[in-house]
Amino acid sequence: RTQAHPAARAAAAAQPAATTAATGEATLKLYDVRTGALAYTGTVANLPATPLPQQGAAQPAPTAAPAAGGGGSPAPAMAPSPVPALPAGTTALNLFETPWHFAKNTGEGSFTLEKDAEGKPFGRLTYDFSRSKARSTPYVIASVPMAVPEATAILFTVRGAVAGQRLTFRVVDSTGQTLQWKGKVRNAGTWETLTMPLNRKLEHWDGANDGRTHFPLKSLVISVPQPAGVSSGTVEYGAVSIR
């Protein structure tokens, strides 16, 4: 093989300039970085028998990272289950006897008012993120007006089709401030109680913007983000009460 003078190698920049031959060799050319003149020509052996990129050849465009939304499999359907009694020492807000507003946001779905076999009302939120193009975790929301003059906590009786399902709850207070709290369903298909505290600072924005609850409360918002690996499913809300 041709050997380059040490001075030429020190002043040259390596630039592959040929395709791999059938013998598994490629031509290597070194150019002087100051003058651009060809300083060295040689071969590289024992290469895979696949083409090497040509100098100046167009390369494939990088693939964009996949969106956070979409994908996954549907959650199992939940068998009907009677709405349990209110937690002890709480007062029902009877929010499932009045219309709710559903917002798709970054998914699809619905919020409907239902009754169990005993005639107790509850709310059913269905979500479908299979076609979501959201770059962050997609979610859907539902909201309802309410009037809460005073309370230390709001309790939600809920069940979801996915164990570990994360749920977000927001209330809007008298100053227009939104206070947010996040909980999680431990098991799949069973009723559980999640408690949103109102007597301590919470995540917040707008209005007084101090994280403190200023009564009376004016509305409630529930948010359901996409569970990991799940494209669609259901969350049921059996009761909303205050303590």
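The questions and answers below walk through a predicted model of one protein chain.

Biologist: How many strands are there in the protein chain?

Modeller: The chain has 243 residues, and buried residues make up 40% of them. It holds one helix. The number of strands is 16.

Biologist: Among contacts between residues at least 6 apart in sequence, what share joins residues at least 24 apart?

Modeller: Contact here means heavy atoms within 4.5 Å. Counting pairs at least 6 apart in sequence, those at least 24 apart make up 69%.

Biologist: Which residues have the most contacts inside the largest nonpolar core?

Modeller: That core has 40 residues. Nonpolar side chains tend to be buried together in soluble globular proteins. The residues with the most contacts inside this core are Leu 125, Leu 220 and Tyr 237.

Biologist: Which are the edge strands of the open sheet of six strands?

Modeller: The order is β6-β9-β15-β11-β12-β14, with antiparallel pairing. Neighbouring strands are turned by 25° against each other on average, direction ignored. An edge strand pairs on one side only, and here these are β6 (101-103) and β14 (203-205).

Biologist: What is the bridge partner of His 101 in β9?

Modeller: β6 and β9 run antiparallel. Three bridges join them. In β9, the partner of His 101 is Ser 143.

Biologist: Is Thr 168 buried or exposed?

Modeller: Thr 168 is found in strand β11. Beyond four places in sequence, it touches Gln 180, Trp 181, Lys 182, Val 221, Ile 222 and Ser 223. Buried means under 20% relative accessible area. Thr 168 has 9% relative accessibility, so it counts as buried.

Biologist: Where is Thr 190, and how far in space is its C-alpha from that of Glu 236?

Modeller: Thr 190 lies in the loop between β12 and β13. Its relative accessibility is 37%, so it counts as partly exposed. Not counting residues up to four places away, Thr 190 touches Val 158 and Arg 159. Thr 190 and Glu 236 are 46 residues apart in sequence, and their C-alpha distance is 10.0 Å.

Conventions
Residues are numbered from 1 along each chain as its sequence is written. This is a predicted model: local features need pLDDT of at least 70, side-chain atom pairs count only at pLDDT 80 or more; totals for chains, interfaces and linings use all residues. Side-chain values use heavy atoms; hydrogens and water are left out. A nonpolar core is a set of buried Ala, Val, Leu, Ile, Met, Phe, Trp, Tyr and Cys residues joined through side-chain atoms within 4.5 Å. Buried means under 20% relative accessible area, exposed over 50%, partly exposed in between (1.4 Å probe, protein chains only). Two strands pair if DSSP finds at least two bridges between them. Helices (H or I, at least four residues) and strands (E, at least two) are DSSP runs, numbered from the N terminus. Axes are lines fitted to C-alpha atoms, for helices over the stretch in contact, and angles run from 0 to 180 degrees between N-to-C directions.
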